[in-house]
Amino acid sequence: MSDYHELTRMMQKIKRAEGRLKTLLENKQVLEKNIKLQEVKLEKENFDVEKLEGLSLIGFVHLIKGTLIDKLDKEEKEALLAKNKYEYLCHELRFCLDEINLYRKKVEEKYIIEKEYKKCLKLKEKELVCLNNLDSKKIIF
């Protein structure tokens, strides 16, 4: 009976791993989408900083108004925030990919365990049939 219980426990673990893997794959798609969006935002923020630092009309206007330094500081902060968010999302994606690999390995064992589980069930069925036949012979006189 212990083999049956152990295999049942292992099958339950694999079912949970399959659910977790599905969730991780969905999270991966969301993270990849968010990274692409953040990458666009980061490029925009870096472009804004470059415009102010370079010889552009916008930079010249802010220079004349005396607000160039303030505007440049603001744009640099926004660029830094965008970069930090982008790096955070990349880190999250790497972690998610590591988790996906871990759970894929757990799920790979499923077919081996299922085969053993089915063997064990057939053996238990045979035992029950044999016991049932023995019990029915005892009742008949």
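Student: Which helices each supply at least two residues of the lining of the largest pocket?
Tutor: This is a predicted model. In it, helix H1 (2-53) and helix H3 (68-108) each supply at least two lining residues. The largest share, six residues, comes from H1.

Student: What makes a residue part of that lining?
Tutor: A lining residue has an atom within 4 Å of a pocket point. Arg9, Met10, Lys13, Ile14, Arg16, Ala17, Tyr103, Lys106, Glu109 and Ile113 line the largest pocket. Each is therefore counted as having such an atom. The volume of this pocket is about 180 Å³.

Student: How do you know which classes the lining residues belong to?
Tutor: Met, Ile, Ala and Tyr count as nonpolar, while Lys, Arg and Glu count as charged. Sorted that way, the lining has five nonpolar and five charged residues, and no polar ones.

Student: What makes a residue buried, and what percentage of the chain is buried?
Tutor: Buried means under 20% relative accessible area. Of the 141 residues in the chain, 25% are buried.

Student: Which atoms account for 60% of the accessible surface?
Tutor: Carbon and sulfur atoms do. The chain's accessible surface comes to about 11,100 Å².

Methods:
Residues numbered from 1 in each chain as written. Predicted model: local features only at pLDDT ≥ 70, side-chain atom pairs only at ≥ 80, totals over all residues. Heavy atoms only, no water. 1 Å grid on protein atoms, 1.4 Å probe; cavity = no way out; pocket = protein on both sides within 12 Å on 5 of 7 lines; lining within 4 Å. Points joined across faces, edges and corners; volume = space filled by probe spheres on them. Helix = DSSP H or I, 4+ residues; strand = E, 2+ residues; numbered from the N terminus. Buried < 20%, exposed > 50% of the residue type's maximum accessible area, 1.4 Å probe, protein only. Areas by Shrake-Rupley, 256 points an atom, 1.4 Å probe, with all protein chains shown as cover.
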